[in-house]
Amino acid sequence: MRVLLLCGLVLVGTIWAEEKKDVIFEYEDASATAVAVVGEFSQGRPIPMARDPHGIWSCRVSLSPGEYAYKFFVNGRTMEFDPKNGARKRLNNFEYSVLTVGESTPVVPPPVATQPPVAPPRPPAVATPPKIGKPMIAIEVVPTKGTRKLSSNAYDDDRSQNVQLTVIVKNREMNREHKGLTGELYVLARGTQDNREYQVIIHESKTFDLQSLETVEYKSDTAKLQYDERGSRWGFKYYGYLYILRDANNNVVLMQGVPEKLVDSVEKFHDQELNDTFNM
């Protein structure tokens with residue numbers, strides 16, 4: 001029995017007593033250079049999708065019954081809803097497309113049989129070698145903020161702030177190395193007078209190799225800020241960061257933002273010049 005096309009997704013395979021089902025995510029964009037799907041099932045890590053000659057991107061994911069929030073990550077910049085799926089779900093104050101996998105999923109009635117049903121294929125006598133899965137890489141970004149008064153006057157609320165981040169990338173695989181990884185880091189500050197105003201205070205990329213079970217650690221440049229958030233309210237204060245890790249083919253391996261808003265808002269600041277003010 002096959003399950004029909006559902007909101008940009010295809011559930012395929014014979015429905016047995018198995019707990020998980022194969023889901024094919026599809027996104028149509030012939031002009032895109034890279035597309036990945038990001039969802040609750042991937043712990044926020046983009047899963048790369050492959051493009052066919054007609055400009056349709058797809059990937060297969062095995063999911064247990066349940067409800068899953070997801071979006072498509074297009075060209076390593078923008079997060080898009082599934083255009084074929086109008087169902088939505090709010091997660092951490094952000095809206096996503098939502099997929100429900102389970103018994104309630106509509107199915108296509110089987111056609112009238114004109115020949116005896118074909119039995120499911122038997123497993124091969126010799127097991128095939130396992131395919132190489134997604135990279136088992138973890139990232140940790142630790143911001144350091146040194147803040148002090150600009151004046152020794154006890155009534156002076158003006159502050160200065162030196163911001164630097166430490167990036168830690170870990171390979172958890174024993175027999176797999178990764179050549180030509182590139183980590184792109186954005187660090188943002190927010191205005192103390194108007195919290196809709198932002199600045200990119202650090203934007204840098206670093207390319208490195210990651211051997212099996214190896215950890216690469218490095219520090220960002222330092223940005224200097226000045227502000228007052230109590231009296232006259234002026235200047236900018238550290239807000240958060242977005243880190244994007246890509247492989248040698250420019251596919252997104254991992255993406256992490258703190259706060260999470262920055263993952264969905266990357267298109268608003270990825271082209272901003274350092275220290276230019278913009279709204280978000």
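User: What is the relative accessible area of Asn275?
Analyst: This is a predicted model, in which local features need pLDDT of at least 70 and side-chain atom pairs count only at pLDDT 80 or more, while totals for chains, interfaces and linings use all residues. Residues are numbered from 1 along each chain as its sequence is written, and side-chain values use heavy atoms, with hydrogens and water left out. Asn275 is partly exposed, since its relative accessible area is 46%.

User: Which loop holds Asn275?
Analyst: Helices (H or I, at least four residues) and strands (E, at least two) are DSSP runs, numbered from the N terminus. Asn275 has a positive phi of about 70° although it is not a glycine. Its place is in the loop between α2 (266-269) and β20 (277-279).

User: How many strands are there in the protein?
Analyst: Of the 280 residues in the protein, 42% are buried. The protein contains two helices, and its strands number 20.

User: Which residue makes a polar contact with the side chain of Tyr218?
Analyst: Tyr218 lies in strand β16 (residues 215-219) and is buried at a relative accessible area of 10%. Not counting residues up to four places away in sequence, Tyr218 touches (heavy atoms within 4.5 Å) several residues, including Leu165, Val167, Lys206 and Phe208. A polar contact is a pair of N or O atoms within 3.5 Å; within protein, one must be able to donate a hydrogen and the other to accept it, and residues adjacent in sequence count only if both atoms are side-chain atoms. At 2.8 Å, the side chain of Tyr218 makes such a contact with the side chain of Tyr243.

User: How many aromatic pairs does the structure hold?
Analyst: Rings of Phe, Tyr and Trp (its six-membered ring) pair if their centres lie within 6.5 Å; planes under 30 degrees apart count as stacked, over 60 as edge-to-face and the rest as tilted. Ring pairs link Phe25, Tyr27, Phe41, Tyr68, Tyr70 and Phe72 into a cluster. The aromatic pairs in the structure number nine.

User: Why does the pair of Tyr27 and Phe72 tie together parts that are apart in sequence, and by how many residues?
Analyst: Tyr27 and Phe72 form a tilted pair, 4.9 Å centre to centre with 45° between the planes. Tyr27 is buried at a relative accessible area of 9%, and Phe72 is buried at 0%. Because Tyr27 lies in strand β3 (residues 21-28) and Phe72 in strand β8 (residues 66-74), the pair ties together parts whose separation in sequence is 45 residues.

User: What is the angle between the ring planes of Phe208 and Tyr218?
Analyst: Both Phe208 and Tyr218 are buried. Their ring centres are 6.2 Å apart, and the pair is tilted because the planes lie at 55°.

User: Which residue joins its side chain to that of Lys89 in a polar contact?
Analyst: Lys89 is in strand β10 (residues 88-91). A polar contact of 3.0 Å joins its side chain to that of Glu40.

User: Over which ring does the charged end of Arg88 sit?
Analyst: A charge sits over a ring if NZ of Lys or CZ of Arg is within 6 Å of the ring centre and within 35 degrees of the ring normal. The charged end of Lys71 sits over the ring of Phe81, 4.5 Å from its centre. The charged end of Arg88, 4.1 Å from the ring centre, sits over the ring of Phe81.

Conventions
Buried means under 20% relative accessible area, exposed over 50%, partly exposed in between (1.4 Å probe, protein chains only).
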